[in-house]
Amino acid sequence: MIVRSVHQEQYEQVCSYLNRQGKSGAFDASYEVTIPVDDCEYLLRLQPCKKRKLAALQAVQVCRDGKERRFKLITDNLPLSALLELFLFQQKKNTAETSLNE
């Protein structure tokens, strides 16, 4: 698990996105988001925390080999940190594009 602090505005945008687009169970405090990277996609489990912090709990790498899919659980902090940064970058980029279109 990795925990990262973000600015208030970015925290509010991420929480709003997670509430709208994130997948979550009935009594689940975390959300799952999909991040495509090359030929694989990553299912990143995120949990908003107090004081503008986000926790990346785990990820699952899903790669397709023809008709088969391979799954790999990721709990190591380095790839979790990279995936969290990639998610935050994508959110920042999407927010900037949305504000330009308005």
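Where is Lys51 found? Select Lys51 and you land in the loop between β3 and β4. Before moving on, some ground rules: this is a predicted model, where local features need pLDDT of at least 70 and side-chain atom pairs count only at pLDDT 80 or more, while totals for chains, interfaces and linings use all residues. Residues are numbered from 1 along each chain as its sequence is written, and side-chain values use heavy atoms, with hydrogens and water left out. Helices (H or I, at least four residues) and strands (E, at least two) are DSSP runs, numbered from the N terminus.

**Stop 1**

At 73% relative accessibility, Lys51 counts as exposed (buried means under 20% relative accessible area, exposed over 50%, partly exposed in between, with a 1.4 Å probe and protein chains only). The hairpin of β3 and β4 has three residues between the strands.

Now show both strands. β3 and β4 pair in the antiparallel sense over ten bridges (two strands pair if DSSP finds at least two bridges between them). Pick Cys49, and look for Lys53 in β4 as its bridge partner.

Next, select Asp38, in the loop between β2 and β3. Here too is a residue with a positive phi that is not a glycine, this time about 50°. Asp38 is exposed, with a relative accessible area of 77%. The hairpin of β2 and β3 has two residues between the strands.

β2 and β3 pair in the antiparallel sense over seven bridges.

**Stop 1: Thr34**

Slide along to Thr34, in strand β2. Thr34 counts as partly exposed, at 38% relative accessibility. Leaving out residues up to four places away in sequence, Thr34 touches Glu41, Tyr42 and Leu43 (contact means heavy atoms within 4.5 Å).

**Stop 2: helix α1**

At 1.5 Å a residue, the 14 residues of α1 should span 20 Å, and the end C-alpha atoms are 20 Å apart, which agrees (the expected span is 1.5 Å times one less than the number of residues).

Which residues of α1 are buried? Colour Gln10, Tyr11, Val14, Cys15 and Leu18. Look down the axis of α1: these buried residues fall within an arc of 135°, so they line one face of the helix (the arc is that of the directions from the helix axis to the C-beta atoms). An α-helix has 3.6 residues a turn, so residues three or four places apart point the same way. On the other side of α1, Glu9, Asn19 and Arg20 are exposed.

**Stop 3: the aromatic pair**

Show the rings of Tyr17 and Phe87. The structure holds one aromatic pair, and Tyr17 and Phe87 form it, tilted, at 5.9 Å centre to centre with 55° between the planes. For the cut-offs, rings of Phe, Tyr and Trp (its six-membered ring) pair if their centres lie within 6.5 Å; planes under 30 degrees apart count as stacked, over 60 as edge-to-face and the rest as tilted.

Tyr17 lies in helix α1 and Phe87 in helix α2, so the pair ties together parts that are 70 residues apart in sequence. Tyr17 is partly exposed, with a relative accessible area of 22%, whereas Phe87 counts as buried at 1%.

**Stop 4: the core**

Not counting residues up to four places away in sequence, Leu46 touches Leu18, Ser30, Tyr31, Val33, Ala55, Ala56, Leu84 and Phe87.
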